[in-house]
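I opened the notebook with the sequence and the model side by side.

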Amino acid sequence: MLELGPWSATRAHTAYRNAVIIGPSDTPFEDGTFRLVMHFEEQYPNKPPGVKFISTMFHPNVYATGELCLDILQNRWSPTYDVAAILTSIQRCVRLHDNLASQTNMAKQFA
């Protein structure tokens, strides 16, 4: 389940949107409610939004700051992705937590 809050602008050419994802079944996050904030700059959709967990999330693909290590928000971004596609990808990322590269990033962060 995905839920989006209203758009809010706090600076010129910048918009923020709150979102909620429900932890996928058959994972340690099952039935959890996780809040995120999405930051859209003027270059969107040519540049991916910034996405950050507001809720505490202990996951190899989530840094202690709440920022995500997710390919579509970095080097695999496409202007065809909409907000629903981004949130669905985040849910899928939470379900599939065996990404070795992300685990390596997390290990470096806490080393």
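**Entry 1: a buried helix residue**

I looked up Ile86 and found it buried, with a relative accessible area of 0%, where buried means under 20% relative accessible area, exposed over 50%, and partly exposed in between, with a 1.4 Å probe and protein chains only. I noted that this is a predicted model, in which local features need pLDDT of at least 70 and side-chain atom pairs count only at pLDDT 80 or more, while totals for chains, interfaces and linings use all residues. Residues are numbered from 1 along each chain as its sequence is written, and side-chain values use heavy atoms, with hydrogens and water left out.

Ile86 belongs to helix α1; I took helices (H or I, at least four residues) and strands (E, at least two) as DSSP runs numbered from the N terminus. Which residues does Ile86 contact once neighbours within four places in sequence are set aside? I listed Met38, Pro49, Val51, Ile72, Leu73 and Trp77, a contact being heavy atoms within 4.5 Å. For Ile72, which is 14 residues from Ile86 in sequence, I recorded a C-alpha to C-alpha distance of 7.8 Å.

Helix α1 covers residues 83–95, and I noted that its 13 residues reach 19 Å from first C-alpha to last, close to the 18 Å expected at 1.5 Å a residue; the expected span is 1.5 Å times one less than the number of residues. Its buried residues are Val83, Ile86, Leu87, Ser89, Ile90, Gln91, Cys93 and Val94. I kept in mind that an α-helix has 3.6 residues a turn, so residues three or four places apart point the same way.

**Entry 2: the chain as a whole**

I counted 2 helices and 4 strands in the protein chain, and the elements run β-β-β-β-α-α from the N terminus on. Of the 111 residues, 38% are buried. Among contacts between residues at least 6 apart in sequence, 42% join residues at least 24 apart.

**Entry 3: aromatic rings**

How many aromatic pairs does a search of the whole structure find? I noted 4, with rings of Phe, Tyr and Trp (its six-membered ring) pairing if their centres lie within 6.5 Å, and planes under 30 degrees apart called stacked, over 60 edge-to-face and the rest tilted. One of the pairs joins Phe40 and Tyr44 edge-to-face, at 4.8 Å centre to centre and 80° between the planes. Phe40, in strand β3, is buried at 4% relative accessible area, whereas Tyr44 is partly exposed at 24%. I also saw that ring pairs link Phe40, Tyr44, Trp77 and Tyr81 into a cluster.

**Entry 4: backbone geometry**

I reminded myself that most residues other than glycine have a negative phi, and most peptide bonds are trans. Tyr44 and Pro45 are joined by a cis peptide bond with omega of about 15°, and Pro45 sits in the loop between β3 and β4. Asp26, in the loop between β2 (14–22) and β3, has a positive phi of about 60° and is exposed at 71% relative accessible area. Asp31 is found in the loop between β2 and β3, has a positive phi of about 65° and is exposed at 66%.

**Entry 5: the second largest pocket**

I then turned to the second largest pocket, which holds about 200 Å³ of space. On a 1 Å grid over the protein atoms alone, a pocket is an open set of points where a 1.4 Å probe fits, with protein on both sides within 12 Å along at least five of seven lines, and lining residues have an atom within 4 Å of a point. Grid points are joined across faces, edges and corners, and the volume is the space filled by probe spheres set on the points. The lining includes Val37, His39, Pro48, Gly50, Val51, Glu67 and Leu73. β3 (33–41) and β4 (50–53) are the elements that give two or more residues to this lining, and β4 gives the largest share, 3 residues.

Gly50 lies in β4, is partly exposed at 33% relative accessible area, and touches Val37, Met38 and His39, residues up to four places away in sequence not being counted.
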